[in-house]
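Here is a short briefing on one protein chain. Keep the sequence and the 3D view open as you read.

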Amino acid sequence: MAQAVRFDRYGDVDVLNVVEVPDPVPGPGEVVVAVVAAAVNPGEGKIRSGALHDIFPATFPSGQGSDFAGRIAAVGAGVSGIAVGAEVVGFTHNRAAHATHVVVSAEQVAPKPAGLSWDVAGSLFVAGTTAFAAVRAVAAGEGDTVAVSAAAGGVGSVAVQLLRARGATVIGIAGADNHEWLRSLGVVPVSYGDRLAERIRAVAPDGIDAFIDLYGSGYVDLAIELGVHPDRIDTVVDFPAVAKYGVKAEGNAAADTIDVVAELADLAAAGTLDIPIAATYPLTQVREAYRELERGHIRGKIVLHP
């Protein structure tokens with residue numbers, strides 16, 4: 001029997017349980033992956049709590065998890081070019097990655113680069129594709145100055161590096177504990193809180209060209225106050241601001257392809273992209289993993305080991 005995280009009602013982390021489930025069987029065009037690492041993401045906690053019921057309702061009993069990396073355990077009919085035992089990175093849209101095994105379309109996995117750690121490989125999909133889409137949405141390039149809220153978080157830590165790779169000057173909004181790390185990436189750190197607009201103007205006296213909001217709570221309003229055109233503001237959190245100002249809301253769904261995941265994996269394996277791993281937990285401690293995540297101020301990713 002396989003094991004998987006399940007919850008049968010909305011609630012706090014205490015509704016999460018690890019239960020035995022039938023071993024998944026691949027259908028035509030599918031593969032089964034024995035999961036080695038699977039990241040946890042803030043959106044999963046919001047789905048579990050019911051906060052996103054109107055957008056992403058859960059059907060009970062529900063699983064969770066989208067990112068994973070592991071080894072091919074079985075292949076279905078019609079699958080070619082993928083052998084049992086192959087190491088892969090991938091994703092699922094079926095809230096099923098927090099498990100010992102996951103079944104997905106063969107088109108949702110790609111080879112894991114040999115030099116890439118399992119933890120990083122299992123952390124690429126949600127945060128990586130969200131960052132990729134947000135950077136693309138604001139059309140950042142050489143000579144642009146771009147501000148990013150929650151710049152040291154799971155998505156922000158990827159976004160600032162992708163922006164730097166495009167030649168942009170990046171202002172990273174984060175707590176003081178993360179300033180040194182941001183500087184090591186070539187990012188100009190500023191602390192969040194009162195009088196933030198003044199601090200941004202001080203480090204960018206010529207203004208900023210684009211803004212990526214990964215936190216909500218008024219950052220789109222701040223971007224508008226700083227004179228950023230709505231076409232160059234992207235938020236993955238503040239959907240009321242999208243309706244109010246006409247800013248963009250491009251995130252994971254705008255870039256959730258295996259080609260993007262493979263590109264991110266190659267960048268990470270080459271050392272061009274640093275994915276910090278904040279903590280790891282065995283699958284059986286999934287509640288503890290989400291408690292840590294939901295305390296906030298996490299630099300990088302938290303990963304489960306089935």
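At 68% relative accessibility, Ser217 counts as exposed, because that value is over the 50% cut-off. Ser217 sits in the loop between β11 and α7 (219–225). The model is predicted.

- Ser217 and Gly271 are 54 residues apart in sequence.
- In space, the C-alpha atoms of Ser217 and Gly271 are 33 Å apart.

**Helix α4 and its cover**
- Helix α4 spans residues 156–165 and is mostly covered.
- Of its 10 residues, 8 are buried.
- The buried residues of α4 are Gly156, Ser157, Val158, Ala159, Val160, Gln161, Leu162 and Leu163.
- The cover over these buried residues includes the helices α3, α5 and α9.
- It also includes the strands β8 (145–148), β9 (169–173) and β11 (210–213).
- Just after α4 comes Gly167, with a positive phi of about 90°.

**Where α3 meets α9**
- Helix α3 covers residues 125–137, and helix α9 covers residues 258–269.
- Their axes come within 10 Å and cross at roughly 100°.
- Angles from 65 to 115 degrees count as roughly perpendicular, so α3 and α9 are roughly perpendicular to each other.
- On the α3 side, the contact involves Phe125, Gly128, Thr129 and Phe132.
- On the α9 side, it involves Val260, Val261, Glu263 and Leu264.
- By class, the contact of α3 with α9 has 5 nonpolar, 2 polar and 1 charged residues.

**His179 in α5**
- His179 lies in helix α5, which spans residues 179–184.
- Buried means under 20% relative accessible area, so His179, at 10%, counts as buried.
- Beyond its neighbours within four places in sequence, His179 is in contact with Ala174, Pro189, Val190 and Ser191.

**Backbone details in the loops**
- Phe60 and Pro61 are joined by a cis peptide bond, with omega about -5°.
- Pro61 belongs to the loop between α1 (42–49) and β4 (67–75).
- Ala150 has a phi near 50°, a positive value in a residue other than glycine.
- The loop that holds Ala150 runs between β8 and α4.
- Ala150 counts as partly exposed because its relative accessibility is 27%.
- Arg195 also has a positive phi, near 65°, and is a residue other than glycine.
- Arg195 is placed in the loop between β10 (188–190) and α6 (196–203).
- With a relative accessible area of 59%, Arg195 is exposed.

**The second largest pocket**
- How much space lies in the second largest pocket? About 210 Å³.
- The lining of this pocket is made up of 20 residues.
- Ala4, Arg6, Asn94, Arg95 and Ala96 lie nearest the centre of the pocket.
- Both β1 (2–6) and β6 (101–105) supply at least two residues of the lining.
- Which element gives the largest share of the lining? Strand β1 does, with 5 residues.
- By class, the lining has 11 nonpolar, 7 polar and 2 charged residues.

Conventions. Residues are numbered from 1 along each chain as its sequence is written. This is a predicted model: local features need pLDDT of at least 70, side-chain atom pairs count only at pLDDT 80 or more; totals for chains, interfaces and linings use all residues. Side-chain values use heavy atoms; hydrogens and water are left out. On a 1 Å grid over the protein atoms alone, a cavity is a set of points where a 1.4 Å probe fits but cannot get out, and a pocket is an open set with protein on both sides within 12 Å along at least five of seven lines; lining residues have an atom within 4 Å of a point. Grid points are joined across faces, edges and corners, and a volume is the space filled by probe spheres set on the points. Helices (H or I, at least four residues) and strands (E, at least two) are DSSP runs, numbered from the N terminus. Ala, Val, Leu, Ile, Met, Phe, Trp, Tyr, Cys and Pro count as nonpolar, Asp, Glu, Lys and Arg as charged, and the others, Gly among them, as polar. Axes are lines fitted to C-alpha atoms, for helices over the stretch in contact, and angles run from 0 to 180 degrees between N-to-C directions. Angles under 35 degrees count as roughly parallel, over 145 as roughly antiparallel, 65 to 115 as roughly perpendicular and the rest as oblique. Contact means heavy atoms within 4.5 Å. Buried means under 20% relative accessible area, exposed over 50%, partly exposed in between (1.4 Å probe, protein chains only).
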